[in-house]
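These notes are for a colleague who is opening the structure for the first time.

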Amino acid sequence: MGIKNMGLILGFLGFLFLDWVSLCMAYNVHNYTFILNNTNFERLCSSKSMLVVNGMFPGPTIAVRKGDRAYVNVHNDGDYGVTIHWHGVKQPRNPWSDGPENITQCPIQPGKNFTHEVIFSTEEGTVWWHAHSDWSRATVHGAIVILPELGTKYPFDQQPDEEVVIVLGEWFDGDVKELIDDATETGGDPTPSDAYTINGQPGFPNNCSNETTYSLSVEYGKTYLLRIVSAVMNEEMFFGIADHNITVVGRDGAYIKPITTDYVMITPGQTMDVLLTANQTPSYYYIAASPFFDSSASYDSSNTSAILKYTGNYTVPSSPPYPSLPNVTDKDAADNFTDRVKSLASSEHPIDVPQEIDERIVITVSVNQLPCDQDSCDGPNGTRLAASLNNVSFVTPSIDILQAYYRNISGVYNDTFPGYPPFVFNYTGVSADDYLLPRQGTKVRMIDYGKKVELVFQGTNIGNAENHPMHLHGFSFYLVGSDYGNFDNVTSPGKYNLADPPEVNTIGVPKNGWAAIRFVADNPGVWFMHCHLERHASWGMDTVLIVRNGTTEETSMLPPPPNLPTCT
């Protein structure tokens with residue numbers, strides 16, 4: 001996972017890669033081949049076959065420069081249809097390659113292939129790619145490294161000597177597709193994972209993991225840029241390195257004001273760029289991650305670790321120091337970190353926060369229940385577990401919404417997603433038994449091109465309250481405010497940060513609280529918005545924003561590619 005010379009390296013060991021510079025274009029073009037197939041892996045004293053890309057877990061890293069373009073030919077040699085999403089890549093005017101199944105494309109069926117055109121624009125730093133079909137992303141994912149443009153450098157004083165990708169993930173002993181298929185059929189909560197992983201390995205203290213623990217070799221006095229990706233499925237994570245401070249300099253493909261800390265809190269879907277200086281006595285030190293989970297739902301309570309290993313001659317300790325990470329329910333520790341995240345907002349990396357808005361959309365975020373015949377499901381009191389946005393539990397259609405929108409196919413979706421909660425109540429104080437039953441439907445929200453939009457996510461105490469990492473495709477947005485309790489249209493905006501809010505693509509809506517984001521709807525297309533806790537997305541905590549075309553060709557969607565996967 002190390003990157004020795006980021007000025008030269010444009011590919012990573014373990015995947016098929018062809019790269020050239022197109023002299024007639026203003027950007028570099030990179031070609032990659034992803035082969036999806038089932039590969040045997042051994043973890044936690046047992047082995048299994050699972051779907052991965054190019055035989056790797058995690059999958060290959062894509063490396064480009066800011067503003068480049070990549071063509072990724074995805075061959076599906078697996079057993080079922082799969083799509084790939086380029087998380088954090090805005091894909092200007094190009095929803096055709098965004099990837100969520102039956103939202104912007106139909107799955108790539110076994111034996112078929114599809115070439116994604118991945119258009120990079122303003123992103124700089126670390127983003128990632130992952131499957132966007134059922135729970136396939138548990139094993140099908142990898143990092144995307146976006147280097148600065150040629151002739152520029154990183155906007156921090158200490159330039160890194162080396163760069164390393166760190167992917168946090170989860171390991172399931174069973175077949176992940178069977179796991180979610182069974183939970184969908186029975187209506188119950190999916191079985192939690194059996195371990196977390198760092199670069200594919202559970203590490204200490206997990207069974208049969210000491211010999212295969214991932215290790216990062218460092219040289220005293222050097223500085224390393226750690227590109228951290230949270231591919232974790234259902235839990236937010238604390239991360240730290242024993243006896244070392246780290247400096248966070250980027251989030252979700254954008255730079256932030258440096259934060260020096262001994263831990264970070266990262267949600268599923270988020271990425272972070274972190275500087276580590278190897279300035280301690282040469283030895284072994286544990287790198288570790290543990291869950292932050294302030295909820296009564298079931299979760300994986302284990303830890304994962306790797307080894308920071310200094311070069312040189314010394315006696316290896318029998319018990320290397322282990323980082324002291326916050327407790328699993330320590331929301332103060334989580335808040336103390338996330339509240340410090342601010343955009344760099346420099347002259348070289350400016351931001352453009354909408355100071356005024358054209359439209360405010362308020363969305364309640366809830367875990368719900370649906371009735372089952374004869375109370376026969378595995379949810380509470382025989383119900384089926386569900387989730388909703390504005391009391392609408394999203395139903396994924398059988399053909400993709402983008403094609404239906406582009407070709408005016410009726411009956412696939414309707415544009416009645418409410419811009420305000422249909423029921424106004426004490427969202428964070430209501431009894432858990434009230435407002436449990438959502439409506440089901442495939443509802444989207446239409447937005448005119450160029451509108452300045454504010455979205456307010458309002459957490460609720462319905463069902464089982466917890467933090468919700470919300471992700472919007474097609475955009476980076478500004479997190480302008482967040483707090484506990486109920487959002488107030490009059491007083492809450494007075495708490496906004498409109499000077500240097502973080503520019504991100506995934507934000508945590510606090511348990512029994514709210515979060516407000518702003519963006520300009522300048523990317524025409526069909527864009528999925530959902531909770532990045534996978535079980536919540538599976539239950540319907542999703543919707544779609546459709547940004548209408550502008551008045552010119554340059555403000556309208558690109559035409560569809562000729563080889564789009566067909567729906568079966």
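1. Glu-123 is in contact (heavy atoms within 4.5 Å) with Lys-66, Gly-88, Val-89, Lys-90, Ile-146 and Gly-253, leaving aside residues up to four places away in sequence. The model is a predicted one, in which local features need pLDDT of at least 70 and side-chain atom pairs count only at pLDDT 80 or more, while totals for chains, interfaces and linings use all residues. Residues are numbered from 1 along each chain as its sequence is written, and side-chain values use heavy atoms, with hydrogens and water left out.

2. Where does Glu-123 lie? Its place is the loop between strand E8 (113-119) and strand E9 (125-131); strands (E, at least two residues) and helices (H or I, at least four) are DSSP runs numbered from the N terminus. Glu-123 counts as buried because its relative accessibility is 1%, where buried means under 20% relative accessible area, exposed over 50% and partly exposed in between, with a 1.4 Å probe and protein chains only.

3. Two backbone nitrogens are reached by the side chain of Glu-123: that of Lys-90 at 2.7 Å, and that of Ser-121, also at 2.7 Å.

4. How many salt bridges are there? The count is 19, a salt bridge being a side-chain nitrogen of Lys or Arg within 4 Å of a carboxyl oxygen of Asp or Glu.

5. One of these pairs is Arg-535 with Asp-189, whose closest N and O atoms are 3.7 Å apart. The pair links distant parts of the chain, 346 residues apart: Arg-535 is in helix H4 (residues 534-539), and Asp-189 is in the loop between helix H1 (176-186) and strand E12 (195-198). Arg-535 has a relative accessible area of 3% and is therefore buried, whereas Asp-189, at 31% relative accessibility, counts as partly exposed.

6. Asp-273 and Arg-227 also meet through their side chains in a salt bridge, at 3.7 Å from N to O. Here too distant parts of the chain are linked: Asp-273 belongs to strand E19 (residues 271-277) and Arg-227 to strand E14 (residues 223-230), 46 residues apart. Both Asp-273 and Arg-227 are buried.

7. Arg-251 and Asp-252 form a salt bridge, with the closest N and O atoms 3.5 Å apart.

Notes: Polar contact = N/O pair within 3.5 Å; in protein donor to acceptor, adjacent residues only side chain to side chain.
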